[in-house]
Amino acid sequence: MSAKQKTYSIHHVLILFALVWPLIYTYINYQGRDGEEDITYNKPNLIGIVISDEKPVFSKEAWFDGSYQLAQEDYINDHWPYKEKMVRLNNQFYYKAFNQIRVNGFVLGKEDYVFSESYIFSAFGDDLIKEEKIKTLLQKAKVVQDTLKKKGIDLLLVYAPGKGQACKEFIQKKYVHPIQKTNHDLFAANSKNLNLNYLDLYSYFEKLKPTSPHALFPKFGHHWSYYGECLAVDTTIKHIEKLHKCDMPNIVWNKIDVVDTARSRDADVLKSMNLYSNPEQNMKLAYPQIQFENDSLKNTTRVLTISDSYWYGPVYMGVGQACFANGQFWYYANRVVPSPRPGEKVEVWELDLKQEIESNQVIMILYSDGNLPIFGNTFINDAYELYTSPKTYYARAAQNKQIQVYAKQIREAPGLLKKATQKSNYLLIPLDSAIKLEAMKMAGLGK
């Protein structure tokens with residue numbers, strides 16, 4: 001009888017230890033932190049997850065309205081010692097047991113290919129926009145193109161391929177169906193009909209695919225491969241030279257490294273999967289050893305690029321400095337890269353749009369097919385209104401400024417950004433829309 005009681009008591013001790021160990025471990029980590037105000041001692045090393053870095057400040061008002069308790073709970077949840085390990089183990093379980101990846105908006109295809117679900121929809125025309133809407137937008141782009149041409153500035157529209165379209169053979173069967181029309185079809189056709197300057201990298205990659213010696217899209221990446229990126233940059237530079245009748249520094253390579261481990265951005269989704277143990281990549285990828293022609297007399301055509309994340313790769317390559325005469329990159333027509341004020345994040349609405357446009361020789365708008373529904377974001381409409389009705393443009397810009405100030409604060413504060421991200425997931429709306437709703441609320445213009 002006593003032996004049974006002893007065994008039972010040991011079980012109790014083990015259960016109690018399991019319950020209190022996280023508390024003990026948290027205390028040990030807390031005592032070992034670097035400095036009294038260090039708030040990152042337990043910060044998990046997770047990619048793509050917004051972490052609350054600001055420890056909640058107690059106040060009577062926050063206590064009674066409940067916001068302090070919610071913020072404190074959120075902060076503790078983000079900084080408990082096993083956060084990273086538990087997230088990775090949970091993601092590993094879903095990956096192995098259910099063939100799912102815990103990356104918002106991404107799904108697994110055949111042979112472990114990862115896809116943004118929205119890019120699959122684009123490939124099969126499931127996100128089709130009304131052609132009249134596309135035509136109206138491109139008609140405005142034509143007005144902007146003709147207006148800028150009189151000032152010696154060329155507007156160029158570039159349609160980039162998405163992974164869904166480029167890797168259809170690896171998409172799960174449930175998404176596959178006959179294709180009627182895609183947004184790319186409508187954009188390309190209407191651009192041609194309106195005599196717009198455009199470069200169709202989408203069709204170019206389609207032609208390259210059957211004979212390309214190297215992969216144009218990686219298995220675990222969202223964007224074109226580094227090799228595909230180099231081809232896209234080379235083609236774009238040559239097209240701008242022909243359009244603007246100028247000579248620009250070329251991108252060249254004489255050697256290509258072929259490896260079986262992704263470099264650069266070729267496994268960006270894999271990093272965001274936050275797995276406990278990464279799978280083998282099982283894919284040969286090519287990495288040209290690039291050089292840019294070093295000729296200051298050629299590097300005089302300043303190009304402003306408005307684009308989605310597809311242009312971040314060329315930014316990392318140094319295309320802006322080496323070939324585009326230090327031209328800026330406007331990420332989704334919002335964030336300015338590089339910042340014109342070092343050490344400070346600058347957004348497009350903070351700049352003088354007319355002055356910025358006219359300080360360039362070429363304006364290039366490059367979007368991948370999954371982002372064609374928001375092609376150019378606000379740039380085309382803003383530029384159109386700026387040159388056709390400057391009075392209403394400046395009045396509207398002044399009216400929106402207060403909302404944009406708050407929206408910037410949300411993007412730069414992890415706690416506020418996390419709240420907007422949660423709202424985005426709850427309401428099933430894009431993050432930018434959720435940020436705008438929160439900004440309007442802060443400005444007293446919404447609920």
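Predicted model: local features only at pLDDT ≥ 70, side-chain atom pairs only at ≥ 80, totals over all residues.
Local features need pLDDT of at least 70 and side-chain atom pairs count only at pLDDT 80 or more, while totals for chains, interfaces and linings use all residues. Residues are numbered from 1 along each chain as its sequence is written, and side-chain values use heavy atoms, with hydrogens and water left out.

Cysteines come up first. There are zero disulfides in the structure, a disulfide being a pair of cysteine sulfur atoms within 2.5 Å. C167 is in none, and its nearest cysteine sulfur, in C230, is 17 Å away. C167 is also buried, at a relative accessible area of 6%; buried means under 20%, exposed over 50% and partly exposed in between, with a 1.4 Å probe and protein chains only. For C323, the closest cysteine sulfur is that of C246, and at 11 Å it is too far for a bond. C323 is buried too, with 0% relative accessibility.

Next, the rings. A search of the whole structure turns up 27 aromatic pairs. Here, rings of Phe, Tyr and Trp (its six-membered ring) pair if their centres lie within 6.5 Å, and planes under 30 degrees apart count as stacked, over 60 as edge-to-face and the rest as tilted. F58 and W63 make a tilted pair, because their planes sit at 55°, with centres 6.0 Å apart. F58 is exposed at 53% relative accessible area, and W63 is partly exposed at 41%. Y113 and F115, on the other hand, are stacked, with 6.4 Å between centres and 25° between planes, and both are buried. Ring pairs also join a cluster that includes Y159, F187, Y198, Y312 and F375.

Two rings have a charge over them, meaning NZ of Lys or CZ of Arg within 6 Å of the ring centre and within 35 degrees of the ring normal. R102 has its charged end 3.9 Å from the ring centre of Y94, and K163 has its own 5.5 Å from that of F115.

That leaves the cores, each a set of buried Ala, Val, Leu, Ile, Met, Phe, Trp, Tyr and Cys residues joined through side-chain atoms within 4.5 Å. The largest has 67 residues, and M273 and F324 have the most contacts inside it. Helix 10 (residues 226–244) gives the most to this core, nine residues; helices are DSSP runs (H or I, at least four residues), numbered from the N terminus. A second, separate core has 35 residues, among them L186, L196, A333 and L372.

Notes:
Helix = DSSP H or I, 4+ residues; strand = E, 2+ residues; numbered from the N terminus.
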